[in-house]
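Thanks for making time this morning.

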Amino acid sequence: MSDALEALLQEGRTFAPSKEFRKQSLVSSAEIYDDADHDWQGFWAHQALELDWHQEWHTILEWDLPFAKWFVGGKLNVSENCLDRHVTAGHGEQVAFHWEGESGDVRSLTYSDMLVEVCRTANALKQLGVAKGDRVAIYMGMVPELPIAMLACARIGAVHSVVFGGFTAQSLKDRINDAQAVALITQDGSWRRGSVFDLKAVVDEALIECPTIAKALVLQRASNDVVMTPGRDHWWHEVVADQATECAAEVMDSEDPLFILYTSGTTGKPKGIVHSTGGYLTQVAYTHKYVFDLHPDTDVYWCTADCGWVTGHSYIVYGPLANRSTSVMYEGTPDYPDKDRFWATVEKYKVSIFYTAPTAIRTFMKWGDEYPLRHDLSSLRLLGSVGEPINPEAWVWYYKAIGGERCPVVDTWWQTETGAIMISALPGATTLKPGSATFPLPGIQAEIIDDSGKTVGVPGGGYLALPRPWPSMLRGVWGDEQRYRDTYWSRFEGKYFAGDGAKTDDEGYFWLLGRVDDIMLVSGHNISTTEVESALVDHPAVAEAAVVGKTDSTTGQAIAAFVTLRAGHDPSDAFVEELRNHVAKLIGPIAKPQSILFTDDLPKTRSGKIMRRLLRNVAEDEQLGDTTTLADPSIVASIKSRYLSAAPSED
Ligand code: ATP
Ligand code: MG
């Protein structure tokens, strides 16, 4: 970071939208918040009217805590809203997806192309016996047929359950069986960092113990050898190609389930989160339009998530298509063939809106500025972040090295359970503070409460809770009503408990502090993992950090830190001291890590989030808990052996 920017950040500099950005933005004043506050249900109904309905609802909201029904009596089809209506309106030739294969092959699919492919696939699913209400598992790489498969399910009223195409046979099997899926859509193999991941072999292993699956539809992508089970397995190119190019869309009830998505499992056994049709589509379309200030005729939008996560569902598929976006979709990893692949792609397609995760941003920081510097990134006008708290240092790096100090950075807080963005800036109206997700969106209410559930004043810190229903809220945990009540609605009466800690500053800005399960208690003080990690990442040599509390006889808990350095920096004992002092300087001596272990990598979920629960096991010298959701289990094993052989420094 430049000294000038660093100085600005230290002074608590804020970033107001520029005049140029404001001039062209959809929302440039705070009036919309007043509109929404004045009549929040009416506000949501107004957003819902942006969609095409076969029949309008008779009641906006039925709220029988904790069960919400939105746009009751309304009828619509999601795939029609995402495709047909744009084609009918004359936009059939607009590109929906510029798809970029990892090895450099490209495809562009227009809205007309998408509609034809979705109809064919929907007809193929019907031929294979899939009917309205059936669950269909999807286990694929990032190819256009993945959103096509999702939309084909939506078209016939089948409920999809996308399982990230990197999960193991065990994870796939568990998810298929929990949802009782009748069909599976997959592919032979997917490309990842130049090699083929044999998806079909994983499927074959999983399906041995999946009695409900009658049919598998297999896309040929990597041409690796696969075994096709007669009667069960069908090639996509054989079954889909000859289907009729029209398929009447099933008219769905607003409250019919659209999909089930299992949460990644950072905290425990995956839960099948159920999402609805009308409310879900309303909020994803609304948030995608206003948070990303989408101009469908001119913007090129790229969300780098995988469709296997909720971000891919809401902000690669449903939100962008409902809003007639032109998107980039990329198959592979950011370092293939080199670490500038994302920036080459931004330049190539003139991407204007770019949405990624802090874990990716910190990785790019670790790799260094030379990679973005190779490319012309001047097409960018807006940047977004999701998935974890973004450290101020990473925010500023993103703002500067990627956004050229020109693009607002919207930090978007939400969850698989919320379905859509809940807390975020509106880029033309909100003055940004690096590291803060700013304010609940118009229509959304969020508050911070204490242990007893009482609202904490501003400024103040505590638990993040959502006191009133929102259209895209989860409709339950698949097949487990009690778990829905217990997990989300039992801790604080009448309020949705998100599991995250947060605080407001004196201007009411929201700052997310990490999961409450991770919060540390040192000498009677609650210390947030996010704040200590951000202080560590603030040091110019540090790329990424994770901290956990470990039992300590004098302070209750002591802070154990795990730190990854940026390229060109080496660890030393003196540096450990420097870092500890750096944290003490920024937060106070109480937050000083007792031990710091340098490591090349941190244990992360397959969606890229730091898994502190396992680091806590390491620090406490306990048996490692469930590691099945880790992207690379060898990382935590190596950290464990190094941690045990290093003597933690004492104060
Ligand atoms: P699981 O619920 O299975 O443990 P998960 O919580 O990682 O998995 P997601 O629903 O993808 O699964 O992630 C939501 C969580 O991610 C939030 O509860 C929050 O902890 C974190 N998060 C997402 N976006 C932000 C953000 N902008 N700022 C801070 N935290 C965020
Ligand atoms: Mg969660």
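**Cysteines and a sheet**

Searching the whole structure turns up zero disulfides, a disulfide being counted here as a pair of cysteine sulfur atoms within 2.5 Å. Before the details, please keep in mind that this is a predicted model, in which local features need pLDDT of at least 70 and side-chain atom pairs count only at pLDDT 80 or more, while totals for chains, interfaces and linings use all residues. Side-chain values use heavy atoms, with hydrogens and water left out, residues are numbered from 1 along each chain as its sequence is written, and chains are lettered from A and ligands numbered from 1 in the order in which they are written.

Cys153 is buried at 0% relative accessibility, where buried means under 20% relative accessible area, with a 1.4 Å probe and protein chains only. Cys247 is also buried, at 6%, and its sulfur is 5.5 Å from that of Cys119, the closest one, again too far for a bond.

Turning to the sheet, four strands form an open arrangement in the order S21-S22-S23-S24, with antiparallel pairing; strands are DSSP runs of E, at least two residues, and helices runs of H or I, at least four, numbered from the N terminus, and two strands pair if DSSP finds at least two bridges between them. The edge strands, S21 (447-449) and S24 (510-515), each pair on one side only. Between S22 (residues 460-466) and S23 (residues 496-504) there are six bridges, and Tyr463 has Gly501 in S23 as its bridge partner.

Note on methods:
Buried < 20%, exposed > 50% of the residue type's maximum accessible area, 1.4 Å probe, protein only.
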